[in-house]
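Hi,

Here is the structure I promised to pass on.

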Amino acid sequence: MVMIQVAFAGHNRANDLGHHPTVIEGLDAAFRLLRDAGASQARLLTGLATGADELAADAWRRAGLGPTHAVFPFLDDPDAPPISPEGLAQTATWLDGAATELNGRNPHLRQTRLIVETSDLLVVVWTGERARGAGGTADAVRSALEMGLPVLWIKPSAPGLLRLIRPEDLPSDFDFTEFLEALNAGHTAHIETASPDNLRAALNLDARKADEVAEARSSEASTGWWTRLDNWLHGWLWKTYGAFRRAVGGPPGPWTEGPAVPADLASQPGFVILTQAYLEADRHANRLAAVHRSEQILLVFAMVTAALVGSSPAVWPELKVSAVMVELMLGLGAFWVWSSAAQARQHERWSEERALAEQLRLERAGWALGVSLVSTHTKPVRREHGDVGQDTLRNAGLPEGRFDPDRVRDWGRWAMFELVNGQSAYHRSLSSRDGRIAHRIHLVENTSFVLLLIILSSYLVVHMAMHALTGELPHWVSGVVTMASTIVPAVAAATMALEAKLEFNEQSERSQAIAERLDKLAASLGEAPSFSDLQGAARTAMRWHLAQESHWREGAGRRRLFRP
């Protein structure tokens, strides 16, 4: 079931909040509107401070929309309400605000960003005025709009009028200071009166539920004879690419085992959800990659084999009919493989599944540090709420418990290996292996060309010598020259197709550059990085990985199967 995560921010000063009964009326109406829009399962994220936060948590409980998760800015807060199944919040996250302050950062702003970054909607009780301190209600609105999050606005002076601010209605060069000035001047053309329809559209609920139904149907259809056939083919035929890599590229480079997942992290319900989703997406992407790449190797092999078989009658004329039949079968088989892959958009599906697996891998590692992919963007982002990775992240929620120094150290070490150190080692190994494959493919191309020159030159010399002696060359000699003239261009085309479609040399250079950047990032962290340093490094690494993934995904068109 689709989970909607709702962030809440509101005033705690009495002169800003106004009369509690009117604010409660607005909160009840907002959460009723959310239910009418079709949100059947939701989670409220709130700082649970005195004032609007507590009123919102109480209204949320009355609405029966789902659980409440609190985020506290300090590890020890004597004023924090109890966390229990019967309390205002059932689960909570505690941040180390004292350590944040030692690093010159504001704990309340960090709290606000964590709440907003992992949500689909911000509900806010806000006067419309600018912030009077970092991490306040206005900062929550600013963060939401910059991250592409819709805002359901309850104004204390007019709680009966619910307004919806949709990022897509804002200018592309959105600036929050300019937005506030326009708002105070009465320019509200870009702000709508909230209704179930426009709230449903803002949250993209119809598309998300359609995706959920389609996924369920796909899961039901994934059983039966096709699954058995697929498993059988994966048992041998789709191992072709792996065998090719081992034969041509040799064994992978040395690998250093990273730290094990900390036990307290592995037991977190949200981490379990992300891990299961990532492993499933990674398995699916790897299977599609094995199929697509193996088919490309097999097509190239079929092309060279067809050239060999088709030219063989030049040496053995009696094989002409048999050669034609074999070549026809190879051609029809190659065409069937190519056309079925093209009709199924196999190269695009592979790219999409690989992108999803990479997104979930980054979200899983960043989750341990309270960092999500949406926080890596530096400009407004138009988010697709129907995205499978985002839905998984919403189901996972936030890490529970206290981010004390021990947790930061252990979880941070694991997350940095997943995002930085481990990825650097992986890309170095990939660069070395792909570089060897590219070099050896190029060597085969050069060797075959030199061999062709030798055969042709030798034939001309022998032919002229025999002509001078009034002799004739045996038939098979001319046949060998004909076969070589046919096979060598096919080998050359095969090597060019492999490099163009599987991009060994380009991938080798790109992986080397990524490894060098990650090594520099790891060196900049030092021996005992703070939580802020770890989060900053995580965001930087995630940006680089996203850029790599985007570049790779944009090249999906080049990975169409080569039609020999």
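Let me start in the sheet, where W94 stands opposite R402 in β9. Those two strands, β4 and β9, run parallel and are joined by two bridges. (Strands here are DSSP E runs of at least two residues, helices are H or I runs of at least four, and both are numbered from the N terminus; two strands pair if DSSP finds at least two bridges between them.)

Before I go on, a word on the source: this is a predicted model, so local features need pLDDT of at least 70 and side-chain atom pairs count only at pLDDT 80 or more, while totals for chains, interfaces and linings use all residues. Residues are numbered from 1 along each chain as its sequence is written, and side-chain values use heavy atoms, with hydrogens and water left out.

Back to the sheet. It is open, has nine strands with mixed pairing, and reads β8-β7-β6-β5-β1-β2-β3-β4-β9 in order. β8 (191-193) and β9 (401-402) are the edge strands, and each has a single partner, so one side of each has no neighbour in the sheet.

Now the helices. How far apart are the end C-alpha atoms of α17? They are 92 Å apart, which agrees with the 94 Å that its 64 residues (405-468) should span at 1.5 Å a residue; the expected span is 1.5 Å times one less than the number of residues. α17 also has a kink of about 55°, centred on F417 (the bend at a residue is the angle between axes fitted to the seven residues ending there and the seven starting there).

α17 turns up again in the second largest pocket, giving 10 residues, the largest share of the lining. That pocket holds about 1200 Å³ of space and is lined by 39 residues, with D282, N286, R354, Y426 and L430 nearest its centre. Elements giving two or more residues to the lining are α11 (240-249), α13 (269-311), α15 (346-367), α17, α18 (475-502) and α20 (531-554). By class, the lining has 15 nonpolar, 11 polar and 13 charged residues.

For the terms: on a 1 Å grid over the protein atoms alone, a pocket is an open set of points with protein on both sides within 12 Å along at least five of seven lines, a cavity is a set where a 1.4 Å probe fits but cannot get out, and lining residues have an atom within 4 Å of a point. Points are joined across faces, edges and corners, and a volume is the space filled by probe spheres set on them. Ala, Val, Leu, Ile, Met, Phe, Trp, Tyr, Cys and Pro count as nonpolar, Asp, Glu, Lys and Arg as charged, and the others, Gly among them, as polar.

There are two cavities of 30 Å³ or more. The largest, about 40 Å³, is lined by residues including T118, W367 and P399, and its lining has five nonpolar, three polar and no charged residues.

Last, the model holds 21 salt bridges (a side-chain nitrogen of Lys or Arg within 4 Å of a carboxyl oxygen of Asp or Glu). One of them joins D58 and R61, with the closest N and O atoms 2.8 Å apart. Both residues lie in α3 (residues 52-63), three residues apart, about one turn of the helix.

Cheers
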